[in-house]
Amino acid sequence: MKSLLPVLTVVGAILLFWVVSVVPMNMHLTADQAQRDSLTVSPETPAERQAYSGLGLTLQNPGLLSRTYGLERPRLPSPHQVGAEMWDTIFEKRITSRRSLVYHGWVTLSATLLGFVIGTGLGILLAVGIVYNKAMDMSVMPWAIASQTIPILALAPMIIVMLGSIGIQGLFPKAVISAYLSFFPVVVGMVKGLRSPDVMQVDLLRTYSASSAQGFWKLRLPASVPYLFASLKIGISAALVGAIVAELPTGARAGFGARMLVGDQYGQPLVTWAALFGAAITAAALGGFFSLIERLTLRRMGMTAA
Amino acid sequence: MSVNTVIQAQALNLTFETNDGPVHALKDVNLDIAKGDFVSFIGPSGCGKTTFLRCIAGLETPTGGEITVNGMTPDEARRARAYGYVFQAAGLYPWRTIGGNIRLPLEIMGFSKSDQAERVGRVLELVDLAGFEKKFPWQLSGGMQQRASIARALAFAAAILLMDEPFGALDEIVRDHLNEQLLELWARTGKTIGFVTHSIPEAVYLSTKIVVMSPRPGRITDVIDSPLPKERPLDIRDSSEFIEIAHRVRDGLRAGHVDD
């Protein structure tokens with residue numbers, strides 16, 4: 001609990017910065033609205049107001065300050081507006097409703113998890129191949145690295161369209177993109193982990209005339225577990241990003257990505273922001289879940305001083 | 001070769017090819033080790049003592065000469081489970097308990113579950129670690145971990161125990177204690193032990209035969225058959241016989257030492 005105060009201080013500072021930023025960011029919209037509501041605004045025309053910065057306009061119209069927090073379609077929503085929108089779409093809507101954030105969250109999460117499982121499995125298989133096969137060692141890694149340098153935003157629509165043209169739609173194409181992003185950290189971590197036993201430990205097995213399979217199951221695989229968990233934590237957040245990105249350019253009708261796009265296109269920033277925070281909370285929860293599993297597993301394996 | 005010879009090296013050579021040219025790790029090494037011997041290999045680093053031990057174990061392949069273990073090649077001997085090997089570091093698997101670590105060779109060699117349990121109990125007692133079976137390595141001191149690794153080497157009852165500076169990383173007091181225990185274990189089990197060290201007192205205290213080696217090229221400069229009795233209390237190290245042997249070892253080391 002010693003870290004509670006510093007953590008709260010940082011959170012407080014971020015919130016304060018956010019709250020203060022709302023005023024200049026929204027002032028032009030607020031002034032337009034105030035004018036429609038027949039209040040006196042200076043300067044009097046929107047065109048003239050455009051010459052002012054947000055801060056300058058605030059200094060001209062200090063009386064409008066509180067109104068910047070109450071816009072229906074703000075440029076930058078205030079924390080309480082995002083909070084209210086999230087409360088409404090998470091707790092007040094039935095989770096089967098298309099307006100429920102839980103519903104959209106589940107759509108994204110299911111693609112994330114499926115992609116993550118595929119990516120992790122593929123990553124482990126590739127890593128085993130790289131460690132045990134000289135040809136794969138020389139050939140796979142450069143391709144794996146190259147694959148991650150291609151912007152996923154460019155690749156995602158192509159994958160969706162191509163899979164769609166052979167009749168595969170819905171969850172799976174998104175999972176493919178999640179897998180594409182999440183296999184990489186698993187390959188890198190597992191290669192390092194499977195190679196982590198030192199010469200002495202390998203020699204020890206040789207003195208027992210152990211087979212290569214025994215070396216894998218009894219030494220290399222257990223030795224790689226801490227590395228695997230480090231990779232899984234990176235992989236799961238990459239998978240979530242992949243699923244969201246897969247929803248963005250393809251006109252998906254459900255999921256966090258779809259909500260972000262809808263909010264953007266229909267001028268509902270609150271929807272976008274609620275989806276953003278929903279995704280962030282989901283990512284944090286997944287990361288926390290894997291940290292917990294990691295702690296429990298490593299303790300059970302005797303790898304941490306409990 | 002007498003009936004009692006278990007390890008025999010004849011004109012053994014091993015040359016490593018490196019970027020800086022060939023390195024003669026072993027040159028014309030001849031040595032007989034009899035059943036029940038406690039043989040120490042002593043010499044400065046680079047003298048080939050560890051390399052020789054690894055040749056016995058079949059972990060290195062000699063480039064010339066011949067070496068037999070129980071009349072077989074080292075590879076055959078290894079498959080026949082002729083020896084247990086103790087490394088410089090305990091090298092216990094952190095994810096296995098002490099019992100689990102000792103079971104490792106038994107699992108690999110396919111001993112039955114009940115046989116495994118019985119052997120683990122027996123060797124833990126031999127190294128004075130009874131009651132630590134369920135502990136994880138990090139819960140044990142360095143000396144205890146090394147004892148566990150000796151137990152692991154003993155578990156499948158090989159008649160030869162090869163030890164590569166097993167106590168090198170431990171402090172003097174722990175080392176003395178483990179040396180005493182090792183002698184006791186040797187007396188109880190009658191094993192043939194090959195022991196690499198660079199401590200003169202350790203070599204003299206433990207061995208029935210001391211092999212003095214020197215580097216560049218790695219070779220044997222002296223073989224001393226110890227006249228010390230089998231029963232060796234720690235204070236034997238103050239006796240004149242002990243000091244005499246230690247002198248001879250030191251002389252041998254100095255003669256082979258080229259200060260370059």
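Two residues are in contact here if their C-beta atoms, placed from the backbone, lie within 7 Å. The model is predicted, so local features need pLDDT of at least 70 and side-chain atom pairs pLDDT 80 or more, while totals for chains, interfaces and linings use all residues. Residues are numbered from 1 along each chain as its sequence is written, with chains lettered from A and ligands numbered from 1 in the order in which they are written.

**View 1. Helix 7 meets helix 10 in chain A.** Helices (H or I, at least four residues) and strands (E, at least two) are DSSP runs, numbered from the N terminus. I152(A), L153(A), A156(A) and I160(A) of helix 7 touch G242(A), V245(A) and A246(A) of helix 10. By class, this contact has 6 nonpolar, 1 polar and no charged residues. Ala, Val, Leu, Ile, Met, Phe, Trp, Tyr, Cys and Pro count as nonpolar, Asp, Glu, Lys and Arg as charged, and the others, Gly among them, as polar.

**View 2. An open sheet in chain B.** Its 6 strands follow the order 5-6-7-3-8-9, with mixed pairing. Two strands pair if DSSP finds at least two bridges between them. Strand 5 (83–86) and strand 9 (219–225) are edge strands with a single partner each, so one side of each has no neighbour in the sheet.

**View 3. Strand 3 beside strand 8 in chain B.** Strand 3 (residues 38–42) and strand 8 (residues 209–214) run parallel, joined by 4 bridges. I42(B) has V212(B) as its bridge partner in strand 8.
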